[in-house]
Amino acid sequence: MSRVIVYFAHPGQRHSRANSAMGKAAKTVESITFVDLYAEYPRHDIDVEREQRRLLDHDVIVFQFPLYWYSTPSLLKEWQDLVLQHGFAYGHGGDKLTGKSMVLAITTGGSDEAYTATGYQNFPLRSFLYPLEQTARLCGMTFAPPYVLYSALQADEEGAIVNHTNGYTKLLNAFQDEIFDFAKAEQQATMTFSDLPIREKA
Ligand SMILES: Cc1cc2nc3c(=O)[nH]c(=O)nc-3n(C[C@H](O)[C@H](O)[C@H](O)COP(=O)(O)O)c2cc1C
């Protein structure tokens, strides 16, 4: 069984529909470690040693966040800057994350059509995430395709959000049960609830 940690980063949870539903569901997945970054570090005073210990204790690192200005909310960027230290995550002796996996669970305001060469966002979503993808690679980690809910502000709470949330818990369980198909996933740019590369449980 793989050990999974979810880092949840949303600075405005009172107004969140999609991420709050996903976060609530993720917390109920047995054996998962769930970290609400904005709740734990309201003053952004990240405890680097504690976070590094958390990373050492897990195999699959999930970052869950709403896309803010084509990137992560700022506290998650601060977390990366401080926690992924030279000699720990990369560089000489920095092999502590080698062999682990990084997964992004993202919601966007823009639609899937918007994130195309002819759409108003001009580029595919995945291209905005290259910094995180390359961070994973530099640290020797596998990067799974992001699990995405597009048009999150229009998503129906009884329909799209429920489907996405159910897919999310299925995904987290699949990582734990080691039935997520990383090889198949490599062929996908992103994942949605209806195209999860998961094998049957033996
Ligand atoms: C400060 C800010 C920046 C945002 N930047 C983007 C963006 O770059 N691209 C995008 O598609 N949506 C953007 N959005 C929309 C959010 O991604 C959207 O509100 C969120 O995914 C909805 O999820 P929630 O219901 O959990 O809050 C932005 C929203 C805010 C408040």
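**Exercise 1.** Which atom of A18 lies 3.1 Å from an oxygen atom of the ligand? Then describe the surroundings of the ligand in this predicted model.

*Solution.*
1. In A18, the atom 3.1 Å from a ligand oxygen is a backbone N or O atom.
2. N19 uses its side chain: a polar atom there lies 2.8 Å from an oxygen atom of the ligand.
3. T107 also uses its side chain, with an N or O atom 2.6 Å from a ligand oxygen.
4. Pairs of N or O atoms within 3.5 Å count as polar contacts.
5. The ligand alone exposes 630 Å², and the protein buries 78% of that area.
6. In total, 18 residues surround the ligand, and H10, S16, N19, T107 and Y115 are the closest.
7. Sorted by class, this shell holds nine nonpolar, eight polar and one charged residues.

**Exercise 2.** Classify the ring pair of W69 and Y70, and state how exposed W69 is and how exposed Y70 is.

*Solution.*
1. A pair of aromatic rings is described by two values, the distance of the centres and the angle of the planes.
2. The whole structure contains 13 aromatic pairs.
3. For W69 and Y70 the centres are 6.3 Å apart and the planes stand at 70 degrees, so this pair is edge-to-face. The cut-off used here is an angle over 60 degrees.
4. W69 has a relative accessible area of 79%, so W69 is exposed.
5. Y70 has 31%, so Y70 is partly exposed.

**Exercise 3.** Classify the ring pair of Y115 and Y150, and state which parts of the chain this pair ties together.

*Solution.*
1. The ring centres of Y115 and Y150 are 6.2 Å apart and the planes are at 40 degrees, so the pair is tilted.
2. Y115 sits in the loop between β4 (101-107) and α5 (125-128), and Y150 in the loop between β6 (147-149) and α7 (160-177); therefore the pair ties together parts 35 residues apart in sequence.
3. Y115 is buried, because its relative accessible area is 6%, and buried means under 20%.
4. Y115 and Y150 belong to a cluster linked by ring pairs, together with W69, Y70, F123 and F128.

**Exercise 4.** How many helices and strands does the protein chain have, and how does its radius of gyration compare with that of a compact globule?

*Solution.*
1. The chain has eight helices and six strands.
2. Their order along the sequence is β-α-β-α-α-β-α-β-α-α-β-β-α-α.
3. For 202 residues a compact globule would have a radius of gyration near 17 Å; the chain has 16 Å, which agrees.
4. Of the 202 residues, 51% are buried.

Notes: Residues numbered from 1 in each chain as written. Predicted model: local features only at pLDDT ≥ 70, side-chain atom pairs only at ≥ 80, totals over all residues. Heavy atoms only, no water. Phe/Tyr/Trp six-rings, centres within 6.5 Å; stacked < 30°, edge-to-face > 60°. Buried < 20%, exposed > 50% of the residue type's maximum accessible area, 1.4 Å probe, protein only. Helix = DSSP H or I, 4+ residues; strand = E, 2+ residues; numbered from the N terminus. Near = heavy atom within 4 Å. Polar contact = N/O pair within 3.5 Å; in protein donor to acceptor, adjacent residues only side chain to side chain. Areas by Shrake-Rupley, 256 points an atom, 1.4 Å probe, with all protein chains shown as cover. Nonpolar A, V, L, I, M, F, W, Y, C, P; charged D, E, K, R; others polar. Rg over C-alpha atoms; globule rule 2.2 N^0.38 Å.
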